[in-house]
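User: I am new to this structure and would like to learn how to read its features one at a time. Could you take me through them slowly?

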Amino acid sequence: MAVATVASSSAASRPKYGSMSRDRTWALRWSYFFLVLFAIFFLLPPVYMIITSLKTSNEISAATSPWWVYHPTLENYTGLLTSPEYLTFFRNSALVSVFVVTLTMLISVPAAFALSRMRFWGSATLATGVFLTYLIPETLLFLPLFKMFAMFKEATDIELINRWWVLLILYPTLTVPFCTWIMIGYFASIPKELDEAALIDGASWMQTLTKIFIPVALPGLIAATIFAFTVSWAQFLYPLAFTTSVDQLVLPVGIITSLVKADVYNWGQIMTGALLGAAPPLIIYAFLMDYYIAGLTAGATKG
Amino acid sequence: MAEVKLSKIVKKYDEVEAVRGIDLDIADHEFVVLVGPSGCGKSTTLRMIAGLEDITGGDIMIGGDIVNDVPPKDRDIAMVFQNYALYPHMTVEQNMSFGLRLKRYPKAEIRKRVDEAARILDIKELLNRKPKQLSGGQRQRVAMGRAIVRNPKVFLFDEPLSNLDAKLRVQMRTEIKKVHLQVRTTTVYVTHDQVEAMTLADRVVVMNHGIIEQVGTPHQLYHSPKTRFVAGFIGSPAMNFIPCRMENGSGGLSVRITDQLTFPVPEARAGHYRSHAANGKLLLGLRPEHITEARQHLEPGTVPFEAKLDVTEPMGMETLVYFPLNGAQVCGRVNPNAGAKDGAPLRLAADLNNMHLIDEASGQVI
């Protein structure tokens, strides 16, 4: 009896200690609820795309459930992957993206290093300027660019419109400012003593960049690379405006222009094309995510 | 190895003068510690020797050559930073050999030097670890190892122990001293901790407001400070400063603290002080260990007096007692068995053989 009394009285005075973990439990429940909600929201379109890509045109237009495939077929996939047009789009996209990413990194990494570490006249203003450049929407730029290309043609007789390689010059106007800005942020988080130590150890600026800064800021470098790749792979407006012939098109524009014939939408192939087009970024993300880990600077300075 | 010579070094940031014309000669093999409160210019001075800061005026010589415009890498110096500044993506061995690899030393030579440094610092088993796998003390050893392998003319230490906990700091302090006794490289060491300065240095440079207050051996600074700042900065607990007047009465020279309390100046000191008898405001400087409990037999020059204690702090081997005297809070060190109690009176004795007299207006020790 006495024991029971003690137990109940201690239980009565204890709820306060439990409230903390109860709050946490509820917070967890809510976060899972919303996470599941978001996962459904973002995964439904790709799932719908996969389902549609496995259907024939007849089944897509038939009045059956859009969420089920009754007669699965791979003909959309074989059709696209054997079509020279689609493979050209793919090749153009791949070439443009790889070159743009390389070019962007070659420009923005040294630029960010200079802006964040070498104090020169106007460096702070320049750094802000780089970011402001990014804020100008691309939709404002393509008309002046057209005009510039026309003037360039008049002056040199070199045609820039309807050439896929022109995108190599156009995309960096979008990627370089942002990647530079990301890298400035990452470089700024590297303690100043680290480059001073390298300086005393006898490293030149270039050696400090390649041997210290790039390895230490690798997660930032990967983030910037992913960004540059995504922008150049998914860019729609510039290729739509500047390229027209089928052999000059990149994937996003190619799918729209060649798979939509007048008002006939070949949905099965559009979905397949979009899915296949989304595969490279997905693969790259999955591959780079392993390296994209924070806390690489741990241990550089005091714990 | 080489000597370092600073002459009339000035550093200005815009209009603020961080370092205001300092002269300092550091001999070959010497261990010199720059010490002072934050913002006194000690770190700036060190960074100017390293070449990480431009100098606004004056000359810096390392090994007889003026290095004012020589970049850090060509000054043949090595620096240990407060936060270690280890390269996080390299192993301990790579960290230590980075400088040598940049200079394209032969592999065997690099290997030999790294092994030697690792042996001196006792970090052989850590060579393949990354900095993040090391404790603070181990990281500091690696940072020192990186300096040792380069075999430079001068070692520069910028508050290397500030990030360590108290116990480890004492341990690493001994470690640094041991390393210096082995490698004998000229060393400039910056710290704000006067205990570190006293224990490590051949000579201590006390800096304040961008100038050098005094340069001397730890013994000189402790026993013959030249200014009030040095007197108060060196030693813990700090020296007591008690407002007083000089009187030249019939019984000889004496220091009057209050109407009731005067201390006769010992004969050995009186001659030195006599000319200042007329001066108005003076401070009597007495270190806490020179205010003890009054014993039966007082040494010559020791004067007993009554004090009403405010607070006592038992330290174990001694008890610190605090009491007011002519507007100043005074600290004394008494035997733990002397019966000191909070708020109780105690009979104390002041050892005037070790007195200092400071001109309050100029801050100079007379």
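This is a predicted model: local features need pLDDT of at least 70, side-chain atom pairs count only at pLDDT 80 or more; totals for chains, interfaces and linings use all residues.

User: Which residues does B:V188 touch, not counting residues up to four places away in sequence?

Analyst: Leaving those neighbours aside, B:V188 touches B:V4, B:I26, B:V32, B:L34, B:L46, B:I49, B:V154 and B:L156.

User: What does the domain assignment of chain A give?

Analyst: The assignment gives domain 1, covering 22-73, and domain 2, covering 77-289, and the centres of these two domains of chain A, taken over C-alpha atoms, are separated by 31 Å. Their contact takes eight residues from domain 1 of chain A and seven residues from domain 2 of chain A. On the side of domain 1 that touches domain 2, α2 (15-53) and α3 (57-61) of chain A each supply at least two residues, and α2(A) gives the most, with four residues. By class, that side of domain 1 of chain A divides into three nonpolar, four polar and one charged.

User: How many residues of chain A are in contact with chain B, and which elements of chain A give two or more residues to that side?

Analyst: In this contact, 22 residues of chain A meet 25 residues of chain B. The elements of chain A that give two or more residues are α10 (192-201) and α11 (205-216), and α10(A) gives the most, with seven residues. The side of chain A that touches chain B has 12 nonpolar, six polar and four charged residues.

Technical notes: Residues are numbered from 1 along each chain as its sequence is written. Chains are lettered from A and ligands numbered from 1 in the order in which they are written. Domain bounds come from an automatic or database domain assignment. Ala, Val, Leu, Ile, Met, Phe, Trp, Tyr, Cys and Pro count as nonpolar, Asp, Glu, Lys and Arg as charged, and the others, Gly among them, as polar.
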